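Biologist: I am new to this structure. Please take me through the nonpolar core closely, and then through what surrounds it.

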Amino acid sequence: MEPVNETLVREFVFLGFSSLARLQLLLFMVFLLLYLFTLGTNAIIISTIVLDRALHTPMYFFLAVLSCSETCYTFVIVPKMLADLLAHKKTISFLGCAIQMFSFLFLGCSHSFLLAAMGYDRYMAICNPLHYTVLMGHGVCWGLVAAASACGFTVSLVTTSLVFYLPFHSSNELHHFFCDISPVLKLASHHSRLSQLVIFMLGMFALVIPLLLILVSYICIISAILKIPSSVGRYKTFSTCASHLIVVTVHYGCASFIYLRPKSNYSSSQDILISVSYTILTPLFNPMIYSLRNKEFKSAL
């Protein structure tokens, strides 16, 4: 056998904010304040929903799960990013990178299917109002959350296994601030088109199928709203879906830009900017959009 001169990569070095060396302390302070505010906001939302029995409805149940998911989502990425902003050498172990990618994908994919479940909840509330409490019982709500988690777990496990099964021999410099799919794949010594295709198809499954389910729900919702004779009634009914539509638009806008574009359009600087928005800003604004637009929640708070 011929000796192999290449050594296996045992850790990765994050270069995401290396071009902003003089601003890293300022970025640390800004991101820390945003992160603490996100944790506090989501904690208030979850505790308010749990403590107020008037909010023990399917819509607020899903909102509490969404807030919990957003909190865990930020916990996977932001604390490590904050520590790296103060560190001279920004590294993560090979295993740590795999765990971070798995956790990030699990929560992100589950989030997509959770938004589909919330769209189904709005469909049932508007199209079947008389049977809503029966059709959206406690068991059904938990079943939808469990199904969303199972889909997220499957997609994240297969994707992470495919990525980290590849050999990493050459560079270990990751042009990002966490272990996302595209930056890590760029460091692999070689990867087959089959693995790329499978990863792309998994991304399609985690994003396109929930989006199609949401679209079907809203087609039914709009057809039901158009049958309401009063324009005021149509407006009030559709306004109950506005928060969900805003969150869906933001989530799929960012995710589609990152995961459903041609590989030739890859740009690390653009990805870092978008990633900052959906790892720090989106988890802050999503629950606030739901809570601040709702009179019941504000009165309960």
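Modeller: Contact here means heavy atoms within 4.5 Å. The model is a predicted one, in which local features need pLDDT of at least 70 and side-chain atom pairs count only at pLDDT 80 or more, while totals for chains, interfaces and linings use all residues. Residues are numbered from 1 along each chain as its sequence is written, and side-chain values use heavy atoms, with hydrogens and water left out.

Val184 belongs to the largest nonpolar core, which has 42 residues; Val184, Phe17 and Phe31 touch the most other members. A nonpolar core is a set of buried Ala, Val, Leu, Ile, Met, Phe, Trp, Tyr and Cys residues joined through side-chain atoms within 4.5 Å. Buried means under 20% relative accessible area, exposed over 50%, and partly exposed in between, with a 1.4 Å probe and protein chains only. Elements giving two or more residues to this core include strand S1 (11-14), helix H1 (24-51), helix H3 (94-127) and helix H6 (181-187). Helix H2 gives the largest share, seven residues. Helices (H or I, at least four residues) and strands (E, at least two) are DSSP runs numbered from the N terminus. A second, separate core holds 34 residues, among them Phe61, Leu66, Ala116 and Tyr218. In soluble globular proteins, nonpolar side chains tend to be buried together.

A cavity is a set of points, on a 1 Å grid over the protein atoms alone, where a 1.4 Å probe fits but cannot get out; lining residues have an atom within 4 Å of a point. The largest cavity holds about 50 Å³ of space, a volume being the space filled by probe spheres set on the points, which are joined across faces, edges and corners. Its lining divides into four nonpolar, two polar and two charged residues. For this count, Ala, Val, Leu, Ile, Met, Phe, Trp, Tyr, Cys and Pro are nonpolar, Asp, Glu, Lys and Arg are charged, and the others, Gly among them, are polar.

As for the whole chain, there are eleven helices and three strands. Buried residues make up 46% of the 301 residues. Among contacts between residues at least 6 apart in sequence, 78% join residues at least 24 apart.

Note on methods: 1 Å grid on protein atoms, 1.4 Å probe; cavity = no way out; pocket = protein on both sides within 12 Å on 5 of 7 lines; lining within 4 Å.
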